[in-house]
Structures are given as C-alpha cells and as structure tokens.
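Please open the model in your viewer and keep the selection panel at hand. The stops below are meant to be followed in order.

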Amino acid sequence: MSDHITVDARGLSCPQPVMETKKALEKAVSGKVTVMVDTETARNNVDRFGKSKGWNSSCEATSDGYSVTFSK
Amino acid sequence: MKGLDRILLSRMGPIIAGIAVGILAPLLVHLGNPGNMGICVACFERDIAGALGFHRAAVVQYLRPEIMGIVLGAFISAIIFGEYRPRSGSSPVVRFFLGMFAMIGALIFLGCPWRGYLRLAGGDWNALYGMAGLFVGIGIGIFFLWRGFSLGRAHAGEKGSGLMMPLLSLLLLGLLIMAPRFGAEGSGPIFFSETGPGSMKAPWIISLAVGCIIGWMAQRSRFCTVGSVRDLFMLKDAHLFNGIVALLVAALATNFALGLFKPGFVGQPVAHTDSLWNFLGMVMAGLAFTLAGGCPGRQIIMSGEGDGDAAIFVLGMIVGAGIAHNFNLASSPKGITAFAPTAWALGMAFCLAVGFFMRRRMD
C-alpha cells in the first residue's frame, strides 16, 4: 500500500484521535498517513503514538489546528 | 521557563504533576483540609454546591478555592502557551448527565479518583475497592470505545465562549471573600459549614495557590487519572500512568513525613467500610469519566482551556452533588443510604445505554 490516507480526527474527545490514528497506520502498513487534529493535546498524543510504532512524523499548523503526517 | 515547560510536555510531565499533587495534597490536610482530602474534585465541587445552597447538608458547605485555582491555573497556562481554544458541541446534554451520575457514583464511594489514590496513600484500605471499581468502570468504557463509541465532534467556538468557567471561578472567589449575608432570615446565600468536613480548610490563599500550581502543571502535562489507566490498557502506553505511580509514591512519603499515614479499614476520615458499594460506586463513576474522555480533574482543566463540553460535564457534577444530597444518595461514614442502590441502577442503565447507542458515524 502506498496510498496517502487522510484521517480527520478534529473535535474528537480522548482517546479517539489516537484510536483513529492506530487504525489508519495499521491499514496503511507503510507509505503516508495524515491525521488532522484540532488541539495541541491530540497532536502530541497522535505524534507520540505514531513514533512509538516506528513511523516518522512531521507536523504543520493549519487554520484550525494541526496536520500530522506519518511516513514509513 | 521554556526549559521547565519542555520538561512538563515530555514524558516526565505527568510524573512531575503527580509528584506535585502527591506532596501538596497531604500538605493541605496538614494545614486544615479534611483527612485524605487535600484535594478531591468530587468532594470539593459538592462543597461548592452546598455553599451555594444547592443542597443543605450543613456539614459539607464551602467554596473550595482549590477548584477555582485549578480552573484559573489551567486558563492562564492555556493563554500563555497558546492553547486556549474555545470549543463545544460534542453531545453537551449527554455530558451533563454523565457528569451528574459520575458525581452520584463518586459520592457513594466518597471521593473522585484523585482522592481515591490519596486515600490509599493515607492507609485507607477501603479505597482499594473503590480503585478496583474505577478500573472496572474504565474497562467497560474501553469496551465501548473499541466498538466505536463517540459523543461526536466538538467545533471551534467564539473567542469569548471559553471564558465562562474562568469567570465563574472569579465570581466564586469573590463570594468566598465577601461571604455575603443577604439571604432570607439573615443566612445565605452563601453557606459555610461550622462543623464537619466542610468546616475543615487550609487558609484560602494557600488553597488557591496550590490549585493554580496544579492547574498549570496538569494543563501542560495532560495529567489524567482516568486517561492513565485507559491508555495503559488500550494502547499499552504508560505515559500518563507514570504520573499516578508518582502521585501515590509522593503522597505516601509526604503522609509518612507528616504523620498522616494511618493504615486500616475502620475509622478512616470521610470514608465508610461497605466494600461492595465502594466498588460499585466507582464502577459507575469510572465508566462515566471514560465516556466523557477524562477524570474530573482533567474535565475542570479542559474547562479552563475553553472546552465547553468539559464545562458542561463539571456543571453536571455540581448539579449531581445537589441531587446526591437532596435525594439522600450520598454516603456518610455510617455507610451508604437506602436510596443509593436505586440511583446507582438508574445511573448505570443510563451510562450503559450511552455506551451502547452513541456510536460514531463513519464520515
């Protein structure tokens, strides 16, 4: 799989952003996954989770939060 | 300041926040707060409900400045670090009732998760049953989360909409200091206990300062006593759980140092020995907290960050405290009341129904 998966986790309560990230990363296996979140807390949680599963991550601020992109 | 903030945001953050709670809470007991109740979000919101006359249990009425401090500390921290983000709209009314039943469950046990851990660290072994109940409640919540449970998305709000809880906190502090007496028959509208746990308090300025420090540290580190257990079980992530271990160890050491560690089941302060209901009360509270996304401490911190849904949960807890005492559902050191099991059954039915039926639409 090398498709670019995008997950919209904006506005979801803990721990749903991380659960959505987990599902997407497991589905992708490798390639690129982008997760959109709206709070710093969700950004940190999602980022920490992805890194713990061996993905590289980069983050950019958007107009209403952050977009975290994982690659492997 | 930048260096300290980086540490609070790191893996050490929850540990530092846990140590702060573990040291400061027993210190507040030493300075006058009730036994093993240096900080208890549920008990203190209940005292606030009583002080406002929402219930008339005369022994538990006080405008606890710790709560206002936590909200204001989290608010100032969120402003300084650019995390103030007004938002709401994730099933607010459901959250209100989750807060209400969480409070009823917590008052059957007599404490929130923070106090549960502080009771353990003070040698109150009844809390073992409460904490076991909390873990089971969180476990049921995790089951629903895996099934796709969700209260839906919150949406960004107007800048001013996140100011309600910080402003309410300032108002309550004003009422605490002025202690107005213009109610009917010369008493109230603010009631302060003259005997019982509500009359036991550290100097308000110290309580407020401790609240602010904890609010700031917990806002930065995302300290959460429910999220910690949830993440450990669900995601095998001990990031937040380390904070709980740190809280327990620090509180145990501080209690020993201050001569507050008194092991046993009988005669513990503001506690009863009904193991089954200590357990069941916290099953309901733990489930409600998990469905709402965090422990009551975390909810007041998020309400300070501008999260309107967390604010509604907190207001639900305050109303729940009024109901718990007016309907005679809250336990006392003598044990649970005759009506508590019925309220518990209703509350569990509600929480389970929310867990079963509120599921995320895939979009």
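The tour goes from a sheet in chain A, across the contact between the chains, to helices of chain B.

Before selecting anything, note that this is a predicted model, in which local features need pLDDT of at least 70 and side-chain atom pairs count only at pLDDT 80 or more, while totals for chains, interfaces and linings use all residues. Residues are numbered from 1 along each chain as its sequence is written, and chains are lettered from A and ligands numbered from 1 in the order in which they are written.

**The sheet of chain A**

Strand 1 (4–8) and strand 3 (56–62) are the edges, each pairing on one side only, and the twist from one strand to the next averages 20 degrees.

Next, select residues 32–37 and 65–71 of chain A: these are strand 2 and strand 4, which run antiparallel and are joined by 6 bridges. Within strand 4 of chain A, A:Thr69 stands opposite A:Thr34.

**Where the chains touch**

Show both chains together: 20 residues of chain B are in contact with 15 residues of chain A, contact meaning that C-beta atoms placed from the backbone lie within 7 Å. On the chain B side, strand 2 (155–156) and helix 10 (227–235) are the elements that give two or more residues, and helix 10 of chain B supplies the largest share, 5 residues.

**Helices of chain B**

Which span does helix 5 of chain B reach from its first C-alpha to its last? Select residues 92–109 of chain B: the 18 residues reach 26 Å, close to the 26 Å expected at 1.5 Å a residue, the expected span being 1.5 Å times one less than the number of residues. Just after helix 5 of chain B, B:Leu110 takes a positive phi of about 85 degrees.

Finally, select helix 7 (residues 126–146) and helix 12 (residues 275–292) of chain B, whose axes come within 6 Å and cross at roughly 35 degrees.

Notes
Axes are lines fitted to C-alpha atoms, for helices over the stretch in contact, and angles run from 0 to 180 degrees between N-to-C directions. Helices (H or I, at least four residues) and strands (E, at least two) are DSSP runs, numbered from the N terminus. Two residues are in contact if their C-beta atoms, placed from the backbone, lie within 7 Å. Two strands pair if DSSP finds at least two bridges between them.
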